[in-house]
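The topics are taken in turn below.

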Amino acid sequence: MGDEQPSRDQPPDAAPVADLLAMERNEFQTAFGEPVEQTLNLDTWLPGEDLAAMYQHLEREVAGAVQQEGRIRERIRSELFPRVFTHPQAPDQAGCYHVDVAMLERIHRGLLFNGGVEACDGSSLAHDTLPITIAQIGVSLVSYQGNQGTWVHRLFRRDLRVGGFDPIDEALELLNRRRGRDSTDAASSTRDKLTEFTQRGIMAYAERGILLHKSSALWRMGHGHPVPYELLTGSGLVIDGDMPLLRASMKMWRELLLDHQRWVFVSSAPADRVLLTLGDALYPLEFALVGTPLQSMRDIAAGHFSQARGLKRDVQQFVEELGPEIVIGLYRASAQAPVRLFYAHQKFAHQAALIALADSVLQEHRGFPLLIDLADSVCRATFGSETFKTLVQEAYVEAGAPFRYLGERETRR
């Protein structure tokens, strides 16, 4: 008897594909605790009005998840912490540190409450209609001694700006420009994605630039990553074969991050689950210095610059200079609060951790710097959505078109 040949009705790779599908099905069941067939069987779904059963199921799942994390916390501290802190790419000061209350009080009195720290945050809004797209970027700078200033810039994008051309030529040019554009109600068109990405990049640049140029405090506090993806890729903004936003960002980073050095950035929602796992093992009033963003910055700098002349080499060299100087840290402000991720200059990483922790203990439930929240509140109060919409709608009224270009949701009651 010879080797069996695959059936004509079954391609040669059918068995591996079946194994792969089975593996994915098993992974689904392992992750969610039920087979995918049960999820897709609508007869197993609970009636929406059966709130008691829904709450009981929710409570069981949450309680089980919390207990499971609690059981492995000590193992993380005893087994993972030593490996992370002694890793070849760990920063020089890597380790886990406990902060006493007396130290936090000294930070409050001697630095935070006397205006020695200023925080910056921004907001970005857009109004997109057929004749015009308006992007508003607002930024606020605050300290505990008061509002240090607010700044706003608006970008007006028209598909065709009048320039004395023949009206028929203008109409044809307008059609050509709008040919690939989706409806004004669609949020996922390529053109709109590019606009939103660039807008976020400009806002990130403005936040960091204002910390550098408008703040006079010894310490500067920012929101998010000090070198965000939007800026390190240039936000896709290529002009005459160059990326001016990225060029300006590198100059700003050198002055703020490398020269000034006394800064701390705190992230709201880190995506790295390894870091979150390590951080979840921290006790209240502990912080840990765990790594640098050098490798992730290298990965970003490896692409995105094919359209810009000679920029890739400049960016890669700058990443090798800047990346090792940034330290990634974690801290927990209270037993109720989640772990927070922060970034600091390696020379002042301990001081940065103390400042972020001291400001975060003022919000026991959030464990997040109150000064950043204050900057966000000032920004939303000054440049909020309702204020922006009112200004835009008043402009349409003055132009004699109060309702013509408003979206359906904007006129819904």
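**The sheet and its surroundings**

In this predicted model, Ser267 stands opposite Leu341, a residue of strand β9. The two strands β6 (residues 263-267) and β9 (residues 340-345) run antiparallel and are joined by four bridges.

*Helix on the sheet*

- Helix α9, which spans residues 273-280, packs on the sheet, where it touches β7 (286-291), β8 (326-332) and β9.
- The direction of helix α9 makes about 45° with that of β8.

*Layout of the sheet*

- The sheet is open and contains nine strands with mixed pairing, arranged in the order β1-β7-β8-β9-β6-β5-β2-β3-β4.
- At its edges lie β1 (95-98) and β4 (146-157), each of which pairs on one side only.
- On average, and with direction ignored, neighbouring strands of this sheet are turned by 25° against each other.

*Gly116 in its loop*

- Gly116 is located in the loop that runs between helix α4 (101-112) and strand β2 (117-128), and strand β2 takes its place in the sheet between β5 and β3.
- Gly116 counts as buried because its relative accessibility is 12%, which falls under the 20% cut-off for that class.
- When residues up to four places away in sequence are not counted, Gly116 touches Leu111, Ala217, Leu218 and Trp219.
- Although Gly116 and Ser143 are 27 residues apart along the chain, their C-alpha atoms are separated by 7.9 Å.

Definitions and conventions
Residues numbered from 1 in each chain as written. Predicted model: local features only at pLDDT ≥ 70, side-chain atom pairs only at ≥ 80, totals over all residues. Heavy atoms only, no water. Buried < 20%, exposed > 50% of the residue type's maximum accessible area, 1.4 Å probe, protein only. Contact = heavy atoms within 4.5 Å. Pairing = 2+ DSSP bridges. Axes fitted to C-alpha atoms, helices over the stretch in contact; angles between N-to-C directions.
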